[in-house]
Amino acid sequence: MRIVVDLNRCEGYAQCAFLAPDVFVMHGQEALMYDPGPGEERSEQVLRAAAACPVQAITVEGEVLSDVR
Amino acid sequence: MSAETALRDFRRRGRVVVVGASLAGLRGAEALRAGGFTGSLTVVGDEAREPYDRPPLSKQVLLGRTAADATTLPRRHGLDVRWRLGVAATGLNLAERRVSLADGDEIEYDRLLIATGARARPWFREAEAALDGVFVLRTADDAAWLNRRLAAGPRRVLVVGAGFTGSEIASACRERGLEVTVVERGPAPLVGALGGVVGAVAARLQRAHGVDLRCGVTVTSLEGDAAGRLRRAHLSDGSTLDAEVAVVGLGAVRNTEWLAGSGLAAGPRGVACDAGCRAFDVHGIVTDDVFVAGDVARSPHPLFGYQFLSLEHWGNAVEQAEIAAHNMISSGLARRPHLWVPAFWSAQFGINIKSIGVPPMGEEIVVTQGALEEDRFVVTYGFQGRVIAAVAFDQARWIDFYRRLIESAAPFPPDFPNVDRRAGGTRPVPADFPDPSLPSHGPTVTLSGYSPSERRLQFTPARA
């Protein structure tokens, strides 16, 4: 699957790193590093992480892109 | 046919060509479809890959955590686009509304979106740039090659230029345990983008992480061995440095050459467009069927005295492409201005750096939160008595607050009490930017005056 994080929007709450630790990792205090192409077996984790993001910075292919204004 | 009927007809079965298949091109195409455009939509890109994300290339990818070809951008489900990838646009005929391609093909359009972005500025001597071990970092291929070389464990990596890309590369090298020397012409890393005060923090961070940082020095030449492999670099202070890998981080060049002679106001600083993303022609007259978005665009911003801004920012590409797409399929009063407040981030040496506004416009700064020596702070930049920008180190949650100060032209020095104000108080000090007339690879925001046409601008490459 393909994901991208809007790191302008990301404020380092690290919810994604708790919910999908194989995909999202905090690097230092608040910088986020993530795997932009995680395997399908992670999709449930990733969708949960995207839903939990307090600033809705995570875009998952086919999921959130309908919000293009 | 009335204008409204013509627009409706265009939305239904018009022809849109998007030139540029990176972030802005993709987001523009998506926004056109989301906005109800059902005509033909062609996206042209010179790289053979599907649109991919670049920020990870200097971070996750160089750390070996993510494959260089794994940053393909997510897309709208079922995006109906005719992709022309792996072929560059080579010319534009405004009168006949036609884009010519490198393979000889021509594509006609009713409306055009230019999103050709920028490319890495190459090392200025071609023979030296061609040495095995000399890299730039802009594309996924660049990142793949560089990552492979770093994984082989070179004895020393030389990074030429301490802008954001160079600094991130140095950070990745240190994290991999590689010896790295950074050579920067200016007095500090990031100085062109953030000024000397914050630049001094960046310098301290680099050195604390074991980077051999040399400021006020330039690389004068790169030397190879008989087999054409990089061996050493010669520096302007007379010293030499043995290195097996050199990464040239001297900023970006805007991809406007294909527009030469087209009649559009295109030049080294980008393609000028109005706040609605419509391109200007060389006479300063706005076109109505050519739109511009992303790194290649240069557009006036009301918050900054309507000066033309060129922004090499991820968020700008997204926002401007969406505005351009909306305006391409809207008329008159339904059109929207591009009022986005410039913002970007960088992750290096374990610190999350965020910027909002236009720091290089700042005359003075105040540390409004935290302390410089703690590597965790917010610095606010002032211009003519108002807040013009803020830069945060590991304080991302405050950026939105400062964005509102910038948008409301809040007074500078700021008048708010601060929970963690330190003994030093909030006395403004000079922001300490280098002379803007000196060529610099640093700023990712370029202010380029009020004239849409660049006919009088001549680009003079820096001398070694």
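**The sheet and its labels**

Author: In chain B, six strands make up an open sheet of mixed pairing, ordered S3-S2-S1-S7-S21-S20. Strands here are DSSP runs of E of at least two residues, and helices are runs of H or I of at least four, numbered from the N terminus; two strands pair if DSSP finds at least two bridges between them. The model is predicted, with pLDDT of at least 70 required for local features and 80 or more for side-chain atom pairs, while totals for chains, interfaces and linings use all residues. Residues are numbered from 1 along each chain as written, chains are lettered from A and ligands numbered from 1 in the order written, and side-chain values use heavy atoms, without hydrogens and water.

Reader: What makes S3 and S20 of chain B stand at the edges?

Author: Strand S3 (82-85) and S20 of chain B each have a single partner strand, so one side of each has no neighbour in the sheet.

Reader: How do you know that S20(B) and S21(B) are joined?

Author: Two bridges join strand S20 (residues 278-280) of chain B to S21(B), and the two run antiparallel. This count meets the requirement of at least two bridges. Arg278(B) stands opposite Phe291(B) in S21(B). The two strands form a hairpin with five residues between them, and Gly284(B) in the turn has a positive phi of about 80°.

Reader: Which strand runs parallel to S21(B), and by how many bridges is it joined?

Author: Strand S7 (residues 111-114) of chain B runs parallel to S21(B), joined by three bridges. Leu113(B) has Phe291(B) as its bridge partner.

Reader: Why is S21 of chain B called largely enclosed?

Author: Five of the seven residues in strand S21 (residues 286-292) of chain B are buried, so the rest of the structure largely encloses this strand. Buried means under 20% relative accessible area, exposed over 50%, and partly exposed in between, with a 1.4 Å probe and protein chains only.

**Aromatic rings**

Reader: Why is the pair of Phe10(B) and Phe37(B) called tilted?

Author: Rings of Phe, Tyr and Trp (its six-membered ring) pair if their centres lie within 6.5 Å; planes under 30 degrees apart count as stacked, over 60 as edge-to-face and the rest as tilted. The centres of Phe10(B) and Phe37(B) are 5.4 Å apart and the planes at 40°, so this pair is tilted. Phe10(B) lies in helix H1 (residues 3-13) and Phe37(B) in the loop between H2 and S2 of chain B, so the pair ties together parts 27 residues apart in sequence.

Reader: How do you know whether Phe10(B) is buried or exposed?

Author: Its relative accessible area is 8%, and Phe10(B) is therefore buried. Phe37(B) also counts as buried, at 1%.

Reader: What makes Phe377(B) and Phe393(B) a stacked pair?

Author: Their centres are 4.5 Å apart, with 20° between the planes. Phe377(B) belongs to strand S27 (residues 376-383) and Phe393(B) to strand S28 (residues 386-393) of chain B.

Reader: Which charge lies over the face of Phe10(B)?

Author: Arg111(B) does, at 5.0 Å from the ring centre. The label requires NZ of Lys or CZ of Arg within 6 Å of the ring centre and within 35 degrees of the ring normal.
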